[in-house]
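Open the model in your viewer and keep the selection panel at hand. This tour goes stop by stop.

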Amino acid sequence: MGKIIAIANQKGGVGKTTTSVNLAASLGVLEKKVLLVDADPQANATSGLGIEVDAVEKGSYQVLEHTITAKEAIVATNSPNLNLIPAHIDLVAIEIELVDKTHREMMLRKALDPIKDHYDYIFIDCAPSLGLITLNALTAAHSFSIFCMSSTIICCPKTKQLQHDTKINRTKRFTILIFYECF
Ligand SMILES: Nc1ncnc2c1ncn2[C@@H]1O[C@H](COP(=O)(O)OP(=O)(O)O)[C@@H](O)[C@H]1O
Ligand SMILES: [Mg+2]
């Protein structure tokens, strides 16, 4: 079964997308089958993998609203063994659309369920927010990594609160990666 890993932090500019793209691409080179889900309306993982963001018509937005299947949204990339579910700026609308749905936090998990066994790893590049998109990513994930710069290490207690607030299953593996600013 594929491991689903969310790369998250409510703060922007801490290396989530850079890590998601490079980790996914590196594992692809190592002949692992990898899917990267761009769950950030800024779509930096999508553009970073050479996909034209403005042309994305089937992406994480449609997957989250269940109007298409995850399989229908998957595109190949130039990187070996690396597939992508791309994002588009329209993904921001999902925060409003899902708000009154029951099980709104389960939309991504349900969508990834039929395809998760096709991959060794599925990475979810999260938006810098604690909204419904990130909640969906954390609910879908088997484990998650939260990035902190050393100067923002004060975020860490908040990330623990996030774990509590979002009712994430306590059995999930939870890692905080601290990046020191001397890199
Ligand atoms: N390990 C790293 N070392 C140095 N710079 C990095 C590293 N990871 C990311 N960056 C830089 O930090 C900036 C923000 O990275 P990004 O991955 O877009 O963050 P996020 O997705 O958390 O908003 C980018 O300019 C990126 O090149
Ligand atoms: Mg990013």
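This is a predicted model: local features need pLDDT of at least 70, side-chain atom pairs count only at pLDDT 80 or more; totals for chains, interfaces and linings use all residues.

Does Ala 43 count as buried or exposed, and how many C-beta neighbours does Ala 43 have inside 10 Å? Ala 43 has 25 C-beta neighbours inside 10 Å, so it counts as buried. The residue sits in the loop between β2 and α2.

Next, select Glu 31. Its phi is also positive, near 70 degrees, and Glu 31 is not glycine either. Glu 31 belongs to the loop between α1 and β2 (34-39). Its surroundings hold 10 C-beta neighbours inside 10 Å, so Glu 31 counts as exposed.

Move to Gly 59. Look in the loop between α2 (44-48) and α3 (60-64). Gly 59 counts as buried because 25 C-beta neighbours lie inside 10 Å. Now show its contacts, leaving aside neighbours within four places in sequence: Ala 73, Ile 85, Pro 86, Ala 87 and His 88. Gly 59 and Asp 90 are 9.6 Å apart in space and 31 residues apart in sequence.

Now go to ligand 1. Its shell has 10 residues, the closest being Gly 12, Gly 15, Lys 16, Thr 17 and Thr 18. Colour the shell by residue class: six are polar, three nonpolar and one charged. Helix α1 (residues 16-29) gives the largest share of this shell, three residues.

Last stop: helix α7, residues 132-140. Nine of its nine residues are buried, so the rest of the structure largely encloses α7. Among them are Leu 132, Asn 136 and Ala 140.

Methods
Residues are numbered from 1 along each chain as its sequence is written. Chains are lettered from A and ligands numbered from 1 in the order in which they are written. A residue is buried if 20 or more other C-beta atoms lie within 10 Å of its own, exposed if 12 or fewer, and partly exposed in between; C-beta atoms are placed from the backbone. Helices (H or I, at least four residues) and strands (E, at least two) are DSSP runs, numbered from the N terminus. Two residues are in contact if their C-beta atoms, placed from the backbone, lie within 7 Å. A residue is near a molecule or strand if its C-beta atom, placed from the backbone, lies within 6 Å of it. Ala, Val, Leu, Ile, Met, Phe, Trp, Tyr, Cys and Pro count as nonpolar, Asp, Glu, Lys and Arg as charged, and the others, Gly among them, as polar.
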